[in-house]
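Hi,

Here is the structure I promised to pass on. Could you have a look at it when you get a moment?

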Amino acid sequence: MVQVTIWGSLARFTDDAREVEVEAENLRQLLDGLAQKYPGLKPQLDRGVSVSIDGRVYNDNWFQPI
């Protein structure tokens, strides 16, 4: 299980939860899991987001292990 911190205006799509958990082994699974669990996030995720893992930012390495 991956703990995800939701920043800024994206929290409105998670019922204002700032931290959520998703089962994922890589970034693609993480984003797909977020979209499935919180459908309102899907359009935002489809536009493109950056993900920070332990302080390193990823935005296009979908198979980066978590």
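Please keep in mind that this is a predicted model. I'll begin with the pocket and then move to the core.

β1, α1 and β3 each contribute at least two residues to the lining of the largest pocket, and β1 gives the most, with four residues. The volume of this pocket is about 480 Å³. Its lining has 20 residues, and those nearest the centre are Val 4, Thr 5, Ser 50, Val 51 and Ser 52. By type, the lining residues are 15 nonpolar, four polar and one charged.

Val 4 and Val 51 turn up again in the largest nonpolar core, which has 18 residues. Together with Val 20, Leu 30, Leu 34 and Leu 45, they touch the most other members of that core. At least two residues of this core come from each of β1, β2 and α1, with α1 supplying the largest share, five residues.

Helix α1 spans residues 27-37, and its buried residues are Leu 27, Leu 30, Leu 31, Gly 33, Leu 34 and Ala 35. Among the elements that cover them are β1 (2-5), β2 (19-22), α2 (42-47), β3 (51-53) and β4 (56-58).

Best wishes

Terms used: Residues are numbered from 1 along each chain as its sequence is written. This is a predicted model: local features need pLDDT of at least 70, side-chain atom pairs count only at pLDDT 80 or more; totals for chains, interfaces and linings use all residues. Side-chain values use heavy atoms; hydrogens and water are left out. Buried means under 20% relative accessible area, exposed over 50%, partly exposed in between (1.4 Å probe, protein chains only). Contact means heavy atoms within 4.5 Å. On a 1 Å grid over the protein atoms alone, a cavity is a set of points where a 1.4 Å probe fits but cannot get out, and a pocket is an open set with protein on both sides within 12 Å along at least five of seven lines; lining residues have an atom within 4 Å of a point. Grid points are joined across faces, edges and corners, and a volume is the space filled by probe spheres set on the points. Ala, Val, Leu, Ile, Met, Phe, Trp, Tyr, Cys and Pro count as nonpolar, Asp, Glu, Lys and Arg as charged, and the others, Gly among them, as polar. A nonpolar core is a set of buried Ala, Val, Leu, Ile, Met, Phe, Trp, Tyr and Cys residues joined through side-chain atoms within 4.5 Å.
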